[in-house]
Every structure is written in structure tokens, then in C-alpha cells.
Amino acid sequence: MFRQTQYATVGDGLRLAYADSGQNSTPAILLVHGIFDHKGTWRSLVEHMPDVRCVAPDLLGHGQSDRPSLFHLPPEQRYSPDMQAAYLSHFVERIGLESIVLGGSSLGGGIALRLFLDYPDIRRRTRALVLCAAAGYRQPLPGYIREMGGWLGSLLKHPLTRSLCERTGLLSRGAQRSVTRCFFDPRRVPPLLVEETLAALRVPNAFMAYQLAARNIMPPDLHQLSDRLSEIDVPTLIFWGREDRIISPLSALRFSEDIPNTQLHLFDHCGHAPHIEYAREVASHLTFFLKQSTASN
């Protein structure tokens with residue numbers, strides 16, 4: 001179970017919010033969420049892992065973390081995966097995570113890969129990787145991400161538009177759709193997750209950060225990153241839903257071929273969020289994997 005939200009300063013005076021289950025176990029699991037998401041996405045999984053320390057930050061511009069304008073960075077770097085990885089590397093050092101299992105969902109999985117491959121100090125600390133419907137290969141962007149990076153994001157940045165959406169209930173329905181699209185079975189959507197997603201949309205600069213994140217979601221060096229997957233020299237666990245409509249399950253098969261030491265679990269009747277739709281089963285596989293992969297380290 002996650003404890004109360006905490007904050008860590010990660011550079012430039014910026015704060016990342018994070019949840020920590022607080023257990024004394026080593027290694028800790030660092031869990032990175034995807035675009036338009038937040039640390040609450042991991043709650044269901046963590047509840048089934050009471051003996052493992054789990055740490056879940058909100059990416060910059062998401063959840064309860066800061067949402068700066070980042071004018072000191074070139075536009076193509078603002079809220080990009082590379083920028084998020086840089087701040088997360090500071091976060092790991094800041095809170096003193098010396099031994100970690102590095103995990104990520106969707107875009108967070110791609111950021112986890114970038115952390116491992118581009119940051120030698122993170123690689124030194126990492127005992128295993130966990131990829132949950134992870135981004136890692138070039139693909140057509142889903143329509144809702146293209147729209148948020150373009151006309152819709154520009155529209156929603158204006159206070160009058162946001163106020164109108166709030167009064168008419170469009171903001172609430174948008175939060176519901178944002179979460180539900182990740183599920184095969186909408187009955188499995190946790191109500192608290194929708195509430196937290198709506199709360200994040202109401203934070204000042206939320207849509208500014210989301211628009212920039214959507215615009216920069218596809219790194220220009222993505223093909224180089226995928227070419228380096230064979231460098232991964234730690235055990236890697238992969239989870240995917242067979243009915244994932246956001247990132248094709250074919251990516252799961254590619255990861256299992258491109259990364260040397262992998263275990264792959266595909267879930268029937270499951271969408272883009274196996275860590276929620278099948279939280280108990282994922283936790284069971286992950287717990288067993290941790291015992292296997294860390295026993296030899």
C-alpha cells in the first residue's frame with residue numbers, strides 16, 4: 001500500500017511527487033507511468049505486493065509533480081522522454097535508491113529503457129527490468145495523442161475553454177475516456193483512478209504540459225534505441241494484453257526477440273493496462289520473477 005505523497009527536488013528547483021510503499025526490501029521497484037497518467041496507475045498492483053518496496057513518481061508535468069514552462073529548453077525537448085529520463089535519474093539518486101528493479105508502463109516503459117541504456121549509473125543500480133505494454137518501437141500515434149499535441153491541446157490550454165468544459169461535464173467525461181480506453185473490460189476501471197485523472201486535469205498548466213508531451217512523445221532517435229536492446233544484460237519481464245488497442249501486442253514479441261533474457265506473459269481479454277486489469281496475476285508473476293532474478297545478483 002502506498003503511503004502519503006512525498007516530494008523530491010530533482011534540479012532547477014523542480015519537484016517530483018512520488019508514492020512509496022515504504023517496505024525495507026531490496027531491491028526497490030521503480031515504477032514509471034505513461035503519458036497523461038500518474039502514479040495512481042500502480043496502486044492496484046502494489047496492493048498485491050505487500051512485502052516489496054515500490055516507488056512510483058509522477059513524471060514532470062503529470063499527477064502532482066510540477067508543470068514548468070521549460071523555456072530554457074528547446075521546444076522539441078520540453079516534456080520529451082529524454083528530458084523525463086534525465087529528471088528521473090536525478091530522482092533515483094536524490095531519494096537514495098541504490099538497488100532497483102526498473103519498471104514502466106506504456107511511455108513509462110520506453111523511458112525505463114532509455115534510463116537503463118543511456119545512464120550508466122542507473123544501469124549499475126538496476127537488477128532487472130519490467131516492461132508493461134511498453135513503448136519502444138516506431139508506430140503510428142493513436143488519434144487522441146495526435147489531437148492533444150495539436151488542435152485539442154491548443155484549445156484546452158485556454159482558461160475559458162477549460163471553464164466551459166468543467167461546467168458542461170466535458171472535462172469529467174474526458175477523464176473517464178482517458179482511463180477507459182486502456183481497458184478491455186470497463187468494469188475493471190478503478191473509480192479512484194478516474195478521480196485522480198480528473199484532479200490532474202484541473203491543475204494549472206496541465207494541458208500545456210500534456211500538449212508538449214504529446215508533441216514530443218516520439219524521440220527522433222527511437223530507431224537507435226531499439227537497435228540497442230540487445231545491450232540489456234539483466235533479466236527482463238514483459239506483460240501485455242492481447243486486446244491492447246494502443247500499442248500492438250506484436251511489440252511484446254519484438255521485445256522478447258530483441259532483449260536477450262526475457263519472460264513474456266500475454267493476458268487474454270486484456271487491454272493496455274494489464275497491471276490494473278490483472279493486478280493480482282501480474283503481482284504473482286512479478287513476485288516470482290523478483291525471487292528468481294535477484295537471487296543471483
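## One side of helix H9

In this predicted model, helix H9 spans residues 191–201, and its buried residues are Leu193, Val194, Thr197, Leu198, Ala200 and Leu201. These residues lie on the same side of H9, because they cover an arc of only 160° around the axis. An α-helix has 3.6 residues a turn, so residues three or four places apart point the same way.

The other side of H9 carries Pro191 and Glu195, which are exposed. The buried residues of H9 are covered by elements that include helix H8 (170–180), helix H10 (206–215) and helix H13 (274–277).

## Nonpolar cores

The largest nonpolar core has 76 residues, and those that touch the most other members are Tyr79, Phe91, Leu102, Ile232 and Phe255. If neighbours within four places in sequence are left aside, Phe91 is in contact with Ala8, Val10, Leu16, Tyr18, Leu30, Val55 and Pro57. There is also a second, separate core of 25 residues, with Ala19, Tyr278, Val282 and Leu290 among them. In soluble globular proteins, nonpolar side chains tend to be buried together.

## Threonine 236 in strand E7

Strand E7 covers residues 236–241 and contains threonine 236. Is this threonine 236 buried or exposed? Threonine 236 counts as buried because its relative accessibility is 0%, where the cut-off for buried is under 20%.

Leaving aside neighbours within four places in sequence, the residues in contact with threonine 236 are Leu129, Leu131, Ile259, Asn261, Thr262, Gln263 and Phe289.

Technical notes: Residues are numbered from 1 along each chain as its sequence is written. This is a predicted model: local features need pLDDT of at least 70, side-chain atom pairs count only at pLDDT 80 or more; totals for chains, interfaces and linings use all residues. Side-chain values use heavy atoms; hydrogens and water are left out. Buried means under 20% relative accessible area, exposed over 50%, partly exposed in between (1.4 Å probe, protein chains only). Helices (H or I, at least four residues) and strands (E, at least two) are DSSP runs, numbered from the N terminus. The arc is that of the directions from the helix axis to the C-beta atoms. Contact means heavy atoms within 4.5 Å. A nonpolar core is a set of buried Ala, Val, Leu, Ile, Met, Phe, Trp, Tyr and Cys residues joined through side-chain atoms within 4.5 Å.
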